[in-house]
Amino acid sequence: MKVKLFHSIVLACLISWVGQNAQAEPELPKSVGESSNPSENQDAGEGPVYYEIKKEGHNETAVPEGVSGFKKFLGRTTVGGYFDVEFDNDGGVNNASSFDAHRFVLGVSSQLNNWLSINSEIELEHGGDGTITNGDHVALEQAFFDATVRDWLTFRGGVVLIPMGRVNILHDANLLDFTTRPLPDLLIIPSTWSETGVGVHGFHNFANNMAFNYELYVTNGLASPNGDGNVLGNGGNRGLRNGFRSDNNNDKAISGRLGFSPMTGLELGASAYTTDLASNGAGDERMTILGGDLRYQSPSWEFGNTIVGPVELEGEVYKTFVDTNGVTGQFGYYAQLNFHWFPGPFRKVIPDGTFTNMVRFNYVDTNTAGASTDERKRLEIGMNFRPIEPFVIKAEYQMNFGSETAANNNDRIIASAAIAF
Amino acid sequence: MKKCFWISLVCVIFFTAQAAWAQKIYLTPTDALKLMFKNSSTVSEAKQVMTPELRQKLEKENRIPFPKNTYMFYVGKSGEKIDGYALIDEEIGKVEPITFVTLISPEGIIEQVEIMVYRESHGGEVAQSRFLNQFRGKTLVGDLRLNQGIRSITGATLSAKALVTGARRALILWQTFYGK
């Protein structure tokens, strides 16, 4: 087995090497406007008048002629992703203090031409050995094609992220300031939440600096694990995520988000999702989630060499309407304030560094008709440091309260490091 | 057997993708210059040489890189009157270079910035006019800084930062070679 594996890797590397070197074609220069002839670099001053730039040796095409189809395919493909490792200590109430290789996400993208692209993310969570329901898994997080007709009309199909709020879409660990996601985005919006389906999205910028964007999808939908439409009480909706293979009924889910930005730095969003949780033959157990989100980012200021700001205010609110055994609704929201800054003396050593101080309040009630055990409140304070934008080191203290379930009220100290590549 | 296949596939993609360009072309050089100088009667090249001494001086003063040996300015004219200066340049976003053009007026003010080729898989929102319009009217002495005069875009911070750096470099080069 090991010998086979070794041979496979050697063969793959060989194919890759041949793919890159078999053709003597010059690669598309990523540097336009610089002479490739060193002797020409000695001549300064104004040159001939012309409009035909191509004659002067600039490439007008994306891929040089003569490159094989196989290499063109590979050449259009990029690989990236992100990884985060976390430390969690809740005093030993729920778990021992522990390091956790929480997420390793590998993304493969390809721009086939100017209007067609594919994008995918494969996630290994907690090392990736198990199933999606117990947390340890290897799974597609998203995999879709985009076919763009106009800026305001792009067709998308595949495994798509459900456009409820901002966190489910912009969920990369290196983009988030706190290690943990907001409570409503764990218990009401089961992020990372993706489903199989098709839809459209787009944007439009108005001349007066206003803009709007939208996403609208038809997907398989959430499904009750028991087929009877029950949601999961104080466990929230995480267990309702269906696989990507098939729907549990003939009733498709519809989801959408409309974002509106009246000025640069401010965006307001409204989102909605509706589906039938029950399997075919078990009646109609409709769940509808309505959401609103806001994000404001101030400018930053420079005092001496110290950067103060930007200050960011963000929040989301969700209301669920559902009528199943024992659960009639859910409600949750969070509000978060981020303050970015970096002192002048530090900038001399780390020119692109940023410190961020954060505070966030979360409230979730996963059964508004039920007992208060379904309520949870969380206040978080934290700080992170980004020496460069793709790498962040985070530390936070979590105060949990408001629940009659003692384990939910335990405070936690959490630290993590996340990097995008 | 299945495992071998998947590992092989990942290896092929990984090793070949290092030299990849998943690019979206918005403007060819010809189209970019036609857009920048739509009212000019002629456009001519003006190659400016970056000597090691000049590079060292500019990098020390401005703390941004000047990696090329020459910078090609394109000068648009109507008769004898100079309409503006365009510089086609690149700056790394996350891992791939973004090719863009900056149009500078004879007074040293940015008139327009346009993306020509975008190669990253994420962050393409910087090509939207709403983001690029923020560069109009910026000068070297103003607030041409990310999150000051130019608001960033969530999820596209690195690309936004790259364009701010690139636009600053264009202004510094213009100031060096054409400023008074």
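## Burial and overall make-up of chain A

Of the 421 residues in chain A, 47% count as buried, a class that means under 20% relative accessible area, with exposed set at over 50% and partly exposed in between (1.4 Å probe, protein chains only). This is a predicted model, in which local features need pLDDT of at least 70 and side-chain atom pairs count only at pLDDT 80 or more, while totals for chains, interfaces and linings use all residues. Residues are numbered from 1 along each chain as its sequence is written, chains are lettered from A and ligands numbered from 1 in the order in which they are written, and side-chain values use heavy atoms, with hydrogens and water left out.

Chain A contains four helices and 18 strands, where helices (H or I, at least four residues) and strands (E, at least two) are DSSP runs numbered from the N terminus. Among contacts (heavy atoms within 4.5 Å) that link chain A residues at least 6 apart in sequence, 59% join residues at least 24 apart.

## Strand 18 of chain A and its partners

Strands are taken to pair if DSSP finds at least two bridges between them. Strand 18 (residues 412-420) of chain A is joined to strand 2 (residues 77-89) of chain A by eight bridges, and the two run antiparallel; within chain A, A:Tyr82 stands opposite A:Ala420 of strand 18. Eight bridges also join strand 18 of chain A to strand 17 (residues 391-401) of chain A, again in an antiparallel arrangement, and here A:Val392 stands opposite A:Ala418.

## A nonpolar patch on chain A

A:Phe260, A:Leu268, A:Leu294, A:Leu313, A:Leu337, A:Val359, A:Ile381, A:Tyr397 and A:Ile413 make a nonpolar surface patch of about 700 Å². Patches are made of residues with over 30% relative accessible area and no salt bridge, like charges being joined within 9 Å and nonpolar side chains (Val, Leu, Ile, Met, Phe, Trp, Tyr) within 5 Å; a salt bridge is a side-chain nitrogen of Lys or Arg within 4 Å of a carboxyl oxygen of Asp or Glu. One of the patch residues, A:Phe260, lies in strand 9 (residues 253-263) of chain A and counts as partly exposed because its relative accessibility is 35%.

## Cis peptide bonds in chain A

The peptide bond from A:Ser191 to A:Thr192 is cis, with omega near 0°, and A:Thr192 belongs to the loop between helix 3 (184-187) and strand 7 (194-205) of chain A. A cis bond is also found from A:Gly309 to A:Pro310, with omega near 5°, but A:Pro310 has its place in strand 13 (residues 306-324) of chain A.

## Selected residues of chain B

B:Val75, in strand 3 (residues 70-78) of chain B, is buried with a relative accessible area of 2%. Leaving aside neighbours within four places in sequence, the residues in contact with B:Val75 include B:Phe37, B:Thr42, B:Ile82 and B:Tyr178; B:Phe37 is 38 residues from B:Val75 in sequence and 8.7 Å away in space, C-alpha to C-alpha.

B:Arg63 has a positive phi of about 55° although it is not a glycine; B:Arg63 is in the loop between helix 3 (52-62) and strand 3 of chain B and is partly exposed, with a relative accessible area of 48%. B:Asn147, likewise a residue other than glycine, has a positive phi near 75° and is found in the loop between helix 4 (129-132) and helix 5 (157-178) of chain B, where B:Asn147 is buried at a relative accessible area of 13%.

Notes. Areas by Shrake-Rupley, 256 points an atom, 1.4 Å probe, with all protein chains shown as cover.
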